Amino acid sequence: MIKQYDLKKDERYLQLLSQSFPTIADASTEIINLQAILNLPKGTEHFLADIHGEHEAFQHVLKNASGNIKRKVNEIFGDTLRESEKRNLCTLIYYPEQKLELVKQEEEDIDDWYHIVIHQLVRVCRNVSSKYTRSKVRKSLPIDFSYIIQELLHEHSDDKDKTDYVSTIISTIISTGRADDFIIAMSKVIQRLAIDQLHIMGDIYDRGPGAHIVMDILKNYHTWDITWGNHDVLWMGASAGNDACICNVIRIALRYDNMDTIEDGYGINLIQLATFAMEAYGNDPCTEFMPKISQSDSIDEKSTLLIARMHKAISIIQFKIESQIIKRYPFWKMNNRLLLDRIDYEKGTILIDGKNYNLSSCHFPTVDPKNPHKLTVAEKALIDKLHHSFTSSEKLREHIQLQLRHGCMYKVVNNNLLYHASIPLNEDGTLKEVEICPKNMAKGKDLLDNIGVIIHRAFQPKNETEDLKELNYAIDYFLYLWCGPNSPLFDKAKMTTFERYFIKEKETHNEEKGFYYKFRDKEETADYIMKEFGVTGPNRHIINGHVPVHVVKGESPIKANGKLMVIDGGFSQAYHKETGIAGYTLVYHSRGFQLVQHEPFASQEDAIKRGIDIVSTTQIVEMKQSRLKVADMDKGTELKLQIEALEELLYAYRHGFIIEQERKNPPKI
């Protein structure tokens, strides 16, 4: 039976499509191509969360594809290579430039080594490229070596008729002095093809020293996306000009004695803060504000004291500015955070939840007890300068724009729902309505969609914004996203920053989590949330991060009967003792899901010189009996629609509704 089409309905679309496929032969060839792609194995997806500026560990995990390259080297070479040889080959793939320098210092017969290694790299590259079309592989190749690599990938040296051909290619690469360049190119192609898509579940920023380096890596990465985390929106707020966010960003950097991203990455000078801190807090020991310094760091007492004073200075300014913003929006219901109002400055006590607590220190030289939220003239001048530095930093603006282009509050991809932290829930487990702006309520998917709109609005040029009040609110709203009780990026009753600094009683430090964290272990809750976001089918999952998984306490990252996976295992060094590991990554390849648990990364130098890889433990989460194909994925759905449209075009050609055209560039015979 001949399939019928409503050609009148689709005539305009088909006319446009015919410009790309002007003949029956063109349309037929494309259908054949797309049908073939549908039957390829799905590409490997890589999921990471909560990088927190640990750029070396992040870069290494990208280079080794969470152990995927090492696994392939073991599969390909098995017992034919010693463990040390396989380890050296992996290190060469991860760090080709640096490893080559070491090899040339140690290797006596470098030409012989080149021959062996190039053959090995070709085998690995052939393996990782096998699931892609030749066209996609070709687009991944460096221009200088594209033709040569294609020839080597598709000609096997074990074919007797081709042995001399392949050997001659490799010998010529070496004799022309291009061996190093070729090895570097091959290694980068292997890294590129080992992972098809990178998904980051938020929190690139804060704690670690190299968030700006992570962003530079991502800028040149082939395919990636991010679901924003609370630390990412904090930096967005700082870039947009939210002064409370600026203070928080600086405070966290000083707390962890990590100013690299602020100063070296974005060129923001903190010397004025240091000068102000010495003037205002020069006689203050600032005990509560001593930085958290790792044992490997060495810093003298004078520098430590300066950091502590800067830390306290920016914290007090932060508390003042936060109070000013909170007072502007009573519907945020955050008046319990106006703590400077609750201090008895003579007695050195503070009233919290009806109970008085002694302050560990009551030295507030810049606070006027009669108007505690007002900035002094010097504080106002300082914050104005910092505001200008953050909003005018071109590098920071570039990185935030990159996050805006590649990011969103949530993402649905291949039956997986990705978001950073939570979906606010009521006490009974139903979706919680949140007042985003006065009398505008939203919940679930609608809540995250609306927040995404507000975030983008904050970066609209003032001359293109009809309502300046809306723009100002969007900028202020970053503070709520950072620490608001119903923010899906925070979802706690309060952020007890002040209490942790000034009150010894641990009961005041508690940050009660939202009901989402009570219900997320339940399979029915995961199903309920996924249904809200339109994620259907039997093999669906929620993947997020935000809350570190305490492996040392027996906590599992896999929840809700396998339907929810929390992959924040503590990339940040600050969490290593707390979690017992150094992060999770999730790999989703054609055989299913594998959760990779990482031990702390020693250093890039150890990886290069001694071949020390991250020690990783792989846990099978969900494996398929048959390999997943492109047809089973979102890309497959898209390709099937394209095939359907092309088949309709063929019908139109063959029945005279649309006339074939001459090819603009007829094929050469």
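Which helix holds both K86 and E83, and how many residues apart are they? I looked this up first, and found the two in helix α5 (residues 83-94), three residues apart, about one turn of the helix. Helices here are DSSP runs of H or I with at least four residues, and they are numbered from the N terminus.

**Ground rules.** I am working with a predicted model, where local features need pLDDT of at least 70 and side-chain atom pairs count only at pLDDT 80 or more, while totals for chains, interfaces and linings use all residues. Residues are numbered from 1 along each chain as its sequence is written, and side-chain values use heavy atoms, with hydrogens and water left out.

**Entry: K86 and E83.** I checked the side chains and found that they meet in a salt bridge at 3.1 Å, N to O. For a salt bridge I require a side-chain nitrogen of Lys or Arg within 4 Å of a carboxyl oxygen of Asp or Glu. K86 is buried, with a relative accessible area of 6%, whereas E83 is exposed at 53%. My cut-offs are under 20% for buried and over 50% for exposed, with partly exposed in between (1.4 Å probe, protein chains only).

**Entry: E75 and R71.** Here I noted another salt bridge, 3.0 Å from N to O. E75 and R71 are four residues apart in helix α4 (residues 68-77), which means about one helical turn separates them. R71 is partly exposed, with a relative accessible area of 29%.

**Entry: K188 and E97.** I then turned to a pair whose side chains meet at 3.1 Å, N to O, again in a salt bridge. K188 sits in helix α11 (residues 179-194) and E97 in helix α6, so this pair ties together parts that are 91 residues apart in sequence. Both ends are partly exposed: K188 has a relative accessible area of 44%, and E97 has 32%.

**Entry: the wider tally.** I count 28 salt bridges in the structure. I also found D216, K219, K395 and E398 linked in a network of salt bridges.

Entry: I picked out D109, which lies in the loop between α6 (96-106) and α7 (110-129). D109 is partly exposed, with a relative accessible area of 43%.
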